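Trainee: Please take me through one part of this structure in detail: the packing of its central group of helices upon one another, and the pockets beside them.

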Amino acid sequence: MNFSELVAPDGLFSDGDWIEKKDQDENGTVRLIQLADIGVCLFKDKSAKFVTEAKVQELNCTLLQKGDILVSRLPDPLGRACIFPLDGKYITAVDVAIVRITRQDISPNYIMYMINSPGFRAEIKKFESGTTRKRISRKNLNKIQFDIPPLSEQERIVSRIEELFSRLDASVAELKMAKGRLKVYRQAVLKAAFGKVTTHTPFGEIINARLGKMLDKEKNTGDFHKYLRNINVRWFSFDLSDLLEMRIEADEIEKYSVSHNDLIICEGGEPGRCAVWDKQDSIFYQKALHRVRFLDNSNPRFYMYYLWFSAQTGQLCRYFTGTGIKHLTGQSLSKVIVPTANKTIQDSIVAEIESRLSVCDNIEKTVDTALQQAEALQQSILKKAFEGGL
């Protein structure tokens, strides 16, 4: 049996509709269901794009029905499917296949779970196409053959899957709650640490900050050097996997080089995100990054953690400029009120913070591993279900 035979005689097996950006209207009353809404056995309900009813009629769109199976023809993963659970007026994107089953001897839930199973995904892989991004056409999806047991057996398998998934979902919910508690604990650690400091000053009083170099390939000469971009700066660390190069003039080397213990702060993107350059290697930095050096022997990690704490609590955003895209300009950065303490106290606070956050990080790694194992367990359950193991 294939999908066309499955939905015969009164069902539907078709692609969604080709809806371009120009067809969308934020005041429309028909919602466009997109790839982001389709999870593995789960409708994610994430999108917020709309079209008007007039446009739906003009384009002769297919309206979804509650209980339709939506199959993603793009990754990741390719062929993931879910039951559409909503009442109302909805259409879906062209890269989504709609499977509407009206037969009384077929369980839509059984078909949805079957599509998500490892065995069916292996069949999808045989018919996928594309080099950089894999896809499967509806025509090729229809080439996959499958057997359907009697309705009573379908319902038994569905019931067993949902019983096991319910237990798994409860465990996943607990793990996600644990991650949430870790976030709260981290903030409590920093609040307690910085609460020990009673004196404060504008950041500009204790730092020498310089904004990075504007990259201009047409005008710049000099030798090529690797440089940091906004994307390379994470909270507390650097991602150096995708460094680019730009020309640096000889007289610019000191201006735009990063030295050991410099604090690098993002101006845009996520304003205030920062990390301390703890390497001896020489590197440069581009526009949209502030290089901060301290006028005294302050511990830069003390202020790195404070900026994170300030960002998490919403205090830092008071200094952002811009309406749509926010920035932390050099002038604004100098106005940020920060705690002050002598080097000994700073070092002590940093040591306390890092000791406690290290425990959090280890717990979070364990939680993340457990969440990944939960995803694998879901596939294991589906594999057993469609191999007669449940």
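Mentor: The account below takes the helix pairs in turn and then the pockets. The model is predicted, so local features are reported only at pLDDT of at least 70 and side-chain atom pairs only at pLDDT 80 or more, whereas totals for chains, interfaces and linings use all residues. Numbering starts from 1 along each chain as its sequence is written, and side-chain values rest on heavy atoms, with hydrogens and water left out.

Consider the pair α6 and α10 to begin with. Helices are DSSP runs of H or I with at least four residues, and strands runs of E with at least two, numbered from the N terminus. Helix α6 covers residues 151-194 and α10 covers residues 343-385. Their axes lie 10 Å apart and meet at an angle of about 170°; an axis is a line fitted to C-alpha atoms, for helices over the stretch in contact, and angles run from 0 to 180 degrees between N-to-C directions. Helices α6 and α10 are therefore roughly antiparallel to each other (under 35 degrees is roughly parallel, over 145 roughly antiparallel, 65 to 115 roughly perpendicular, and the rest oblique). By class, the contact of α6 with α10 comprises 27 nonpolar residues, 1 polar and 7 charged. Ala, Val, Leu, Ile, Met, Phe, Trp, Tyr, Cys and Pro count as nonpolar, Asp, Glu, Lys and Arg as charged, and the others, Gly among them, as polar.

Helix α8, residues 300-312, packs against α6 at about 125°, with the axes 10 Å apart. Helices α6 and α8 are therefore oblique to each other. On the α6 side the contact (heavy atoms within 4.5 Å) involves Lys183, Arg186, Gln187, Leu190, Lys191 and Phe194, and on the α8 side Phe302, Tyr305, Tyr306, Trp308, Phe309 and Gln312. This contact of α6 with α8 has 7 nonpolar, 2 polar and 3 charged residues.

Helix α8 also packs with α10, at an angle of about 55° and with axes 9 Å apart. These helices, α8 and α10, are therefore oblique to each other. Here α8 contributes Arg301, Phe302, Tyr303 and Tyr305, and α10 contributes Gln346, Ile349, Val350, Ile353, Glu354 and Leu357. The contact of α8 with α10 divides into 7 nonpolar, 1 polar and 2 charged residues.

Now to the pockets. A pocket is an open set of points on a 1 Å grid over the protein atoms alone, where a 1.4 Å probe fits, with protein on both sides within 12 Å along at least five of seven lines; its lining residues have an atom within 4 Å of a point. The largest pocket has a volume of about 800 Å³ (the space filled by probe spheres set on points joined across faces, edges and corners). It is lined by 27 residues, and Val40, Leu42, Lys176, Glu375 and Gln378 are the closest to its centre. Helices α6, α10 and α3 (108-116) each supply at least two residues of this lining, which has 14 nonpolar, 4 polar and 9 charged residues.

The second largest pocket holds about 290 Å³ of space. Of its 15 lining residues, Met114, Ser117, Gly119, Phe120 and Phe386 are the closest to the centre. Two or more lining residues come from each of α3, α4 (118-127) and α10, and α4 gives the most, with 4 residues. The lining of the second largest pocket has 8 nonpolar, 3 polar and 4 charged residues.
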